[in-house]
Amino acid sequence: MQLALTPEEAAFRDELRTFYRTEIPEDIRARHAKGGELLKDDIVTTHKILHKHGLAVPNWPVEWGGKDWTPTQHQIWLDEMQLACVPEPLTFNAKMIGPVIAEFASQEMKERFLPATAALDIFWCQGFSEPEAGSDLASLRTTAVRDGDTYVVNGQKTWTTLGQYADWIFCLVRTDPQAPKRQAGISMLLIDLDTPGITMRPIKLVDGSVEVNEVFFEDVRVPADQLVGEENQGWTYAKFLLGNERTGITGVARTKVRLAQAKERAAANGLLNDPLFAARLAEAENDVLALELTQMRVTSDSSDGKPNPASSVLKLRGTQLQQLATELLVEVAGADALPCEAEGIASPEWAQLTAPQYLNYRKTSIYGGSNEVQRTIISSTILGL
């Protein structure tokens with residue numbers, strides 16, 4: 001495993017570093033650095049700037065807008081983006097449904113959806129989880145019954161992130177209730193959210209934000225040509241998608257930014273002089289370094305572009321460290337972390353945001369497959385237990 005950048009890679013890094021800090025509006029980066037709720041306009045503006053410069057979907061095949069980069073270059077692209085506090089290209093488009101369509105869909109579907117997905121002319125959301133099918137995703141009960149040239153979809157999805165902004169949703173549906181294995185009877189459909197019979201209902205989270213939704217399908221007719229790949233092969237596509245998602249969740253550079261903020265604030269208020277707090281912060285920094293080295297090893301071993309089972313390790317440890325960073329920031333903020341909507345209060349804005357961030361980041365160990373599920377994958381797939 002190569003640890004030091006080559007001169008060419010260092011030049012590549014410097015070019016991206018300059019681009020992110022000059023081409024992406026400073027006000028967007030400042031809002032993202034604070035960790036508050038990300039605005040739709042910020043997501044769209046940033047994604048479209050990146051797309052204009054060929055930097056939105058470098059992980060895709062070259063013929064559809066990807067880059068012929070080395071694994072190290074791909075990692076530099078992401079790390080520098082996070083360090084510059086640039087909102088990443090919309091995950092649902094860039095890392096989830098786009099790669100699935102590029103890998104498994106028909107040529108006709110690729111031509112129809114990939115250009116618009118890369119450009120964010122379609123804002124996608126994900127329809128996987130259900131009220132009784134979260135970590136046990138194979139238990140999903142939303143059905144799609146073939147009726148001529150359409151599928152009739154009935155059921156419910158939940159925790160649909162940014163669904164209130166979305167144009168389309170990619171859904172896992174049950175097309176064969178009699179399949180001998182639950183996983184064998186699942187398909188993936190692409191559904192226009194303007195289709196009659198769809199209801200989107202927001203869910204207010206514990207931090208006060210509204211970023212997830214419930215989606216209800218009542219006799220929704222979906223054209224059969226919006227089936228991804230083959231019928232009853234959706235589980236294969238879902239595993240491919242989740243492998244990409246879990247690797248992206250790691251967020252090493254994002255955690256570095258949070259820890260740097262915690263150190264800066266703690267130095268300013270004297271908490272860094274507390275040996276116990278200083279030790280916890282140093283341990284967190286060392287753990288992030290160890291995770292970064294693991295990520296580099298996984299990246300260097302994934303040159304074929306296929307998801308690596310070690311993505312479960314990255315997801316597990318990455319989310320734990322993200323949560324730890326929010327805990328340290330709350331400790332630095334102290335009593336000022338208590339949210340207060342009154343105007344003219346003495347508590348600084350950064351401190352007011354730490355408690356909502358802490359609460360919001362409890363989700364990271366659940367989405368993308370809960371950390372308990374990741375431990376099962378690690379024990380069986382990697383350790384062979």
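Biologist: Which hand does the crossing have where α1 passes α4?

Modeller: It's a predicted model, so keep that in mind. The crossing of α1 past α4 is right-handed.

Biologist: And what are the angle and the axis distance for that pair?

Modeller: Helix α1 covers residues 7-23 and helix α4 covers residues 71-83; they pack at about 30 degrees, and their axes are 9 Å apart.

Biologist: Which residues meet there?

Modeller: From α1 you have Glu9, Phe12, Arg13, Leu16, Arg17, Tyr20 and Arg21. On the α4 side they meet Thr72, Gln73, Ile76, Trp77, Glu80, Met81 and Leu83. By class, the residues of that contact of α1 with α4 are seven nonpolar, two polar and five charged.

Biologist: OK, next pair. How do the axes of α4 and α8 sit?

Modeller: The α4 and α8 axes cross at roughly 25 degrees and come within 8 Å. Angles under 35 degrees count as roughly parallel, so α4 and α8 are roughly parallel to each other. As for the hand, the α4 and α8 crossing is right-handed.

Biologist: What makes that contact?

Modeller: α4 brings Asp79, Gln82 and Leu83, while α8 brings Val252, Ala253, Arg254, Lys256 and Val257. The classes for the contact of α4 with α8 come out as four nonpolar, one polar and three charged residues.

Biologist: Then α8 and α10: at what angle do they pack?

Modeller: About 15 degrees, with axes 9 Å apart; α8 is residues 252-269 and α10 is residues 311-333. They are therefore roughly parallel to each other, α8 and α10.

Biologist: Left-handed or right-handed, the crossing of α8 and α10?

Modeller: Left-handed for α8 and α10. On the α8 side the contact uses Arg254, Thr255, Arg258, Leu259, Gln261, Ala262, Arg265, Ala266 and Asn269. The α10 side gives Leu321, Gln322, Ala325, Leu328, Leu329 and Val332. Sorted by class, the residues of the contact of α8 with α10 are eight nonpolar, four polar and three charged.

Biologist: How far does α10 reach from its first C-alpha to its last?

Modeller: α10 has 23 residues and spans 33 Å, close to the 33 Å expected at 1.5 Å a residue.

Biologist: And what comes just after α10?

Modeller: Gly334, which takes a positive phi of about 65 degrees.

Biologist: Switching topic: where does Ser347 lie?

Modeller: Ser347 is in the loop between α10 and α11, with α11 running over 349-360. Leaving out residues up to four places away in sequence, Ser347 touches Asp336 and Gln352.

Biologist: How many residues apart in sequence are Ser347 and Lys40?

Modeller: Ser347 and Lys40 are 307 residues apart in sequence, and 27 Å apart in space, C-alpha to C-alpha.

Biologist: How many residues does the contact take from domain 2 and domain 3?

Modeller: Six residues from domain 2 and six residues from domain 3.

Conventions:
Residues numbered from 1 in each chain as written. Predicted model: local features only at pLDDT ≥ 70, side-chain atom pairs only at ≥ 80, totals over all residues. Heavy atoms only, no water. Axes fitted to C-alpha atoms, helices over the stretch in contact; angles between N-to-C directions. Helix = DSSP H or I, 4+ residues; strand = E, 2+ residues; numbered from the N terminus. Parallel < 35°, antiparallel > 145°, perpendicular 65-115°, else oblique. Left-handed = near helix turned anticlockwise from the far one by under 90°. Contact = heavy atoms within 4.5 Å. Nonpolar A, V, L, I, M, F, W, Y, C, P; charged D, E, K, R; others polar. Expected span 1.5 Å × (residues − 1).
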